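Here is a short walk through a fold, written for someone who would rather look than read. Keep the picture open as you go.

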Amino acid sequence: MASVSSSHLILFIASLIIAASVAGTFTQGVQRLSSALGERSVDVSGDIRTDISIISDPGSGAVYNASGNENVTVLVKNTGSRSLEAESDQIEVLVDGRYQTNVGITVLDGSAWRVGNVAKLEISQSLDADSDHRVVVIVNGDKEVLQFRT
């Protein structure tokens, strides 16, 4: 009789240990998932609040300086709902599909690139004359395209 009780006690303790370890594993997984969702929601919120618009006039001839430094100048307005970093590592620029690393950024109407302010991007890139070109500006996942002819 005592052997049956002791074997039941051993099985009961073993089942408690297994249940506790499974519950601990699930709890740890849920905490990791919750933490990852919290971090991702901050990133998504920033992406949603970011919006830019290219306001350069492609027909004005002011986009490409063929007679001077041979650079491309693009005016970009912050039309989102938060301030943006006017740093070259925060803004990605492609000219005719080529990633540009030599991009100068100046905020024209303020000390920071706040909502409604305009930033001037100066890209050192020589372009072929009498041809179509395309500049892509990407800030926090928001992409704008400017097409112009030299």
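Let's start with a term: a residue is buried under 20% relative accessible area, exposed over 50%, and partly exposed in between, using a 1.4 Å probe and protein chains only. T101 sits in the loop between β4 and β5. Its C-alpha is 8.5 Å from that of I123, although T101 and I123 are 22 residues apart in sequence.

Some ground rules: this is a predicted model, where local features need pLDDT of at least 70, side-chain atom pairs count only at pLDDT 80 or more, and totals for chains, interfaces and linings use all residues. Residues are numbered from 1 along each chain as its sequence is written, and side-chain values use heavy atoms, with hydrogens and water left out.

**Strands**

Helices (H or I, at least four residues) and strands (E, at least two) are DSSP runs, numbered from the N terminus. Two strands count as paired if DSSP finds at least two bridges between them. As a general point, strands of a sheet pair through backbone hydrogen bonds, either parallel or antiparallel.

Which residue of β6 is the bridge partner of V103? That is I123, and V72 stands opposite I123 too. Behind the second, β2 (residues 71-78) and β6 (residues 118-124) pair in the antiparallel sense over 7 bridges.

There is also an open sheet of 4 strands in the order β4-β3-β7-β8, with antiparallel pairing. Its edge strands are β4 (98-99) and β8 (142-149), each pairing on one side only. β3 (residues 91-95) and β4 share 2 bridges, again antiparallel, and V95 stands opposite R98 in β4.

**Core and surface**

A nonpolar core here is a set of buried Ala, Val, Leu, Ile, Met, Phe, Trp, Tyr and Cys residues joined through side-chain atoms within 4.5 Å. The largest one has 24 residues, and V72, V74, W113, L121, V135 and V137 have the most contacts inside it. At least two residues of this core come from each of β1 (52-54), β2, β3, β5, β6, β7 (132-139) and β8. Take L121: counting contact as heavy atoms within 4.5 Å, and leaving out residues up to four places away in sequence, L121 touches several residues, including V72, V74, I91, V103 and V137.

On the surface, L9, F12, I13, L16 and I17 form a nonpolar patch with about 500 Å² of accessible area together. Such a patch takes residues with over 30% relative accessible area and no salt bridge, joining nonpolar side chains (Val, Leu, Ile, Met, Phe, Trp, Tyr) within 5 Å and like charges within 9 Å. Areas come from the Shrake-Rupley method with a 1.4 Å probe, and for residues only the protein chains shown count as cover. F12 is found in helix α1 (residues 2-49).

**Salt bridges**

A salt bridge is a side-chain nitrogen of Lys or Arg within 4 Å of a carboxyl oxygen of Asp or Glu. The count comes to 2 by this rule.

| Pair | N to O distance |
|---|---|
| E122 and K120 | 3.8 Å |
| D132 and R149 | 2.9 Å |

D132 lies in strand β7 and R149 in strand β8, so this pair ties together parts that are 17 residues apart in sequence. D132 is exposed at 58% relative accessibility, and R149 is exposed at 51%. E122, by contrast, is partly exposed at 31%, and K120 is partly exposed at 25%.
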